[in-house]
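Notebook open, model loaded. I want to jot down what I look up as I go along.

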Amino acid sequence: MTTLRVIPVPAFSDNYIWTIRDETHAVVVDPGDAAPVLDYLKREKLQLAAILNTHHHADHVGGNGALLAAQPVPVYGPRDDRIPDVTDRVGDGDAITLPHFATMLQVIEVPGHTRSHIAFHGGGMLFCGDTLFAAGCGRLFEGTPAQMHA
């Protein structure tokens with residue numbers, strides 16, 4: 001059985017792009033910038049298997065296009081046309097199986113930060129974008145305090 005690891009890739013001045021990886025493949029979560037991801041994949045000799053997007057903000061989706069130009073892969077994201085590169089639009093209650101890993105993730109709609117924000121949960125992992133941080137939550141741009149609390 002292959003052990004998956006979740007590795008942060010530093011991006012911008014204060015952020016991370018999360019990778020789910022084994023010895024040969026990686027799925028990236030919210031790649032706001034392609035350059036550090038491409039460097040990481042090359043350095044670690046990994047093949048990109050998929051991209052997960054939690055919401056439409058540029059610091060979470062800005063790298064999609066360049067990553068797809070380097071390696072066409074499925075892009076899973078919310079039902080929100082503001083993310084043009086999404087190939088598989090998902091919503092609350094949907095489940096996806098990560099390509100190559102056979103790991104299932106449940107999709108949870110978590111509006112508050114943005115109205116179409118989603119999270120991916122499964123395999124002992126939670127990727128919730130800007131909904132939840134270690135010391136708080138993301139700012140409310142499109143949602144309400146009640147939505148974020150729920």
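**Helix α1 and its cover.** I take contact as heavy atoms within 4.5 Å. Helices (H or I, at least four residues) and strands (E, at least two) are DSSP runs, numbered from the N terminus. This is a predicted model, where local features need pLDDT of at least 70 and side-chain atom pairs count only at pLDDT 80 or more, while totals for chains, interfaces and linings use all residues. Residues are numbered from 1 along each chain as its sequence is written, and side-chain values use heavy atoms, with hydrogens and water left out.

Which residues of α1 are buried? In this helix, residues 34-44, I noted Ala 34, Pro 36, Val 37, Tyr 40 and Leu 41. For me buried means under 20% relative accessible area, exposed over 50%, and partly exposed in between (1.4 Å probe, protein chains only). Looking down the axis of α1, the buried residues fall within an arc of 170°, so they line one face of the helix. That arc is taken over the directions from the helix axis to the C-beta atoms. The general rule behind such a pattern is that an α-helix has 3.6 residues a turn, so residues three or four places apart point the same way. On the other side of α1, I found Lys 42 and Arg 43 exposed.

**Ends of α1.** At the start of α1, Asp 33 brings a side-chain oxygen to within 3.2 Å of the backbone nitrogen of Ala 35. Just after the helix, Lys 45 has a positive phi of about 55°.

**Other positive phi values.** Most residues other than glycine have a negative phi, and I looked up two more exceptions. Asp 30 is not a glycine, yet its phi is positive, about 55°. Asp 30 sits in the loop between β3 and α1 and is buried, at 6% relative accessible area. His 100 has a phi near 80°, also positive in a residue other than glycine. His 100 belongs to the loop between β7 (95-98) and β8, and counts as partly exposed at 45% relative accessibility.

**Salt bridges.** How many salt bridges does a search of the whole structure find? It turns up 6, counting a side-chain nitrogen of Lys or Arg within 4 Å of a carboxyl oxygen of Asp or Glu. One joins the side chains of Glu 44 and Arg 21 (2.9 Å, N to O). That pair links distant parts of the chain, with Glu 44 in helix α1 and Arg 21 in strand β2, 23 residues apart. Glu 44 is partly exposed at 31%, whereas Arg 21 is buried at 3%.

Next I followed Arg 82. Its side chain meets that of Glu 142 in a salt bridge (2.8 Å, N to O). These two also link distant parts of the chain: Arg 82 is in the loop between β5 (75-78) and β6 (88-90), Glu 142 in the loop between β10 and α4, 60 residues apart. Arg 82 meets Asp 80 in a salt bridge too (2.7 Å, N to O). Asp 80 is buried at 6%, Arg 82 partly exposed at 33%, and Glu 142 partly exposed at 28%. Asp 80, Arg 82, Arg 115 and Glu 142 are linked in a network of salt bridges.

**Thr 114 and His 57.** Glu 142 came up again in the contacts of Thr 114. Leaving out residues up to four places away in sequence, Thr 114 touches His 55, His 56, His 57 and Glu 142. Buried or exposed, I asked of Thr 114? It is buried, with a relative accessible area of 0%, in the loop between β8 (103-109) and β9 (118-122). I then checked His 57, in the loop between β4 (47-52) and α2 (58-61). At 16% relative accessibility, His 57 counts as buried.

**Out in a loop.** Last entry: Ala 134, in the loop between β10 (125-127) and α4 (145-149), is exposed at 93% relative accessible area. I noted 18 Å between the C-alpha atoms of Ala 134 and Pro 145, 11 residues apart along the chain.

Methods: Polar contact = N/O pair within 3.5 Å; in protein donor to acceptor, adjacent residues only side chain to side chain.
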